[in-house]
Amino acid sequence: MTEKTYDIAIVGAGAVGLSAALAFARDGYETALIGGLDVRRDGRTVALLNGSVRFLEALGVWPAVASVAAPLETMRIIDDTGSLFRPPPASFRAGEIGLDAFGWNIENIALVETLAEAARKAEHLTLVPEFAAGFLADDQGAALTLTGGETIRAGLVVAADGRNSKLRQIAGIDAKTWSYPQSAVTVILAHDREHRDTSTEFHTRHGPFTLVPLPGRRSSLVWVTGKDEAERLSNLDDAALARAIERQAQSHLGAMRIDGPRGLVPMSGLSVNRYWSQHLALVGEAAHVFPPIGAQGLNLGFRDVASLRDAVIDGHDAGHSPGSDETLKGYQRSRDLDVRLRTAAVDGLNRTLLTGMIPTDFLRGAGLLALSNIGPLRRIVMREGVLPRVGAPRLMQG
């Protein structure tokens with residue numbers, strides 16, 4: 001058995017793990033990225049909000065990402081719940097807060113492949129296409145045992161290994177999980193009419209139905225509905241599913257056809273109270289899982305990485321190593337409030353749609369009406385949705 005030593009080792013080669021590897025290698029840390037690429041094609045996309053765009057610019061990958069992404073200039077919300085207090089449709093435009101776009105929408109697989117290509121060329125970065133089988137930390141650092149028998153030692157290990165994180169379990173960090181009586185149908189669509197760079201979200205009694213622009217006359221769909229109905233929809237042939245989507249979308253994009261892979265995603269959530277243990281930091285879905293609502297999941301994962309990078313740099317300036325308790329306590333402080341607020345917001349929106357209670361409908365309708373008509377409030381909410389103004393990581397500040 002052989003043993004290699006690095007400053008930082010990242011476990012998990014999805015978009016979050018790849019971004020972490022690029023961020024630390026960019027700052028000159030000898031970095032190892034452990035794991036195989038996630039190349040599943042399931043019709044899922046991610047809307048990269050403005051802070052994430054700035055982060056990817058700092059990593060030097062944004063031009064390649066932008067070439068296969070579509071801008072989100074307008075976000076439109078339509079109440080389709082049948083509520084007595086249904087407000088008129090509300091539109092939010094990026095130009096109101098001085099942006100060309102709230103963010104950019106890209107297929108997950110295209111983002112992963114673009115980040116992976118950059119990782120292959122990066123200095124100070126070693127790709128290890130194996131999986132971590134064991135983890136052990138002591139006062140000197142951490143050791144990862146790989147499936148092939150090799151040992152990787154590092155001062156800091158970053159767990160980007162997903163919602164079922166093996167490293168989180170080995171470290172004994174408790175995770176709270178929950179589920180919803182819903183699933184999300186995801187699919188790539190082509191349509192007759194121009195989307196005009198507008199994301200349209202229908203709030204239905206079973207969850208949000210969201211169409212997000214892709215390049216050309218194409219959009220991605222996340223259709224959140226009851227589990228049985230989602231299962232039924234996912235089993236339809238392409239023509240029947242396209243007709244069902246067109247009806248639910250009120251034909252506002254014209255005739256539709258399936259133009260890519262589809263997926264079925266159970267709606268669930270996960271949170272942790274601790275984002276670290278000895279020489280270990282959790283990022284992405286190892287630390288938090290969201291339903292596919294409001295474009296929060298991956299954007300929050302990128303904020304984890306950018307915040308951890310800041311904590312490591314600040315710790316170094318104060319004389320602490322990347323995996324020291326002092327460094328990782330700084331990371332914990334930077335993430336705690338942000339993640340809790342985003343979790344509560346996404347969970348609250350989803351549950352209010354499901355209740356059907358008149359007082360809840362009234363409050364939701366009144367809130368959307370207020371956002372439509374009170375300019376300063378609308379602009380504050382839009383800015384916070386794109387990137388928190390307090391505590392934004394440095395690589396996301398532009």
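Student: How many cavities of 30 Å³ or more are there here?

Tutor: The count comes to three. A cavity is a set of 1 Å grid points, over the protein atoms alone, where a 1.4 Å probe fits but cannot get out. This is a predicted model, where local features need pLDDT of at least 70 and side-chain atom pairs pLDDT 80 or more, while totals for chains, interfaces and linings use all residues. Residues are numbered from 1 along each chain as its sequence is written, and side-chain values use heavy atoms, without hydrogens or water.

Student: What volume does the largest cavity have, and which residues line it?

Tutor: About 50 Å³, counted as the space filled by probe spheres set on the points, which are joined across faces, edges and corners. Its lining (residues with an atom within 4 Å of a point) is Arg40, Arg41, Asp42, Gly43, Arg44, Glu107, Asn108, Ile109 and Pro261. That splits into five charged (Asp, Glu, Lys, Arg), two nonpolar (Ala, Val, Leu, Ile, Met, Phe, Trp, Tyr, Cys, Pro) and two polar (the others, Gly among them).

Student: And what about the second largest cavity?

Tutor: It holds about 40 Å³ of space. Arg44 lines this one too, and the lining also includes Arg163, Met267, Glu285 and Phe290. Here six residues are nonpolar, one is polar and three are charged.

Student: How do I read helix packing?

Tutor: Two packed helices are described by the angle between their axes and the distance between the axes.

Student: Which residues meet?

Tutor: Ser52, Phe55 and Leu56 in α2 meet Asn299, Phe302, Val305 and Ala306 in α8, with contact meaning heavy atoms within 4.5 Å. Five of the contact residues are nonpolar, two polar and none charged.

Terms used. Helix = DSSP H or I, 4+ residues; strand = E, 2+ residues; numbered from the N terminus. 1 Å grid on protein atoms, 1.4 Å probe; cavity = no way out; pocket = protein on both sides within 12 Å on 5 of 7 lines; lining within 4 Å.
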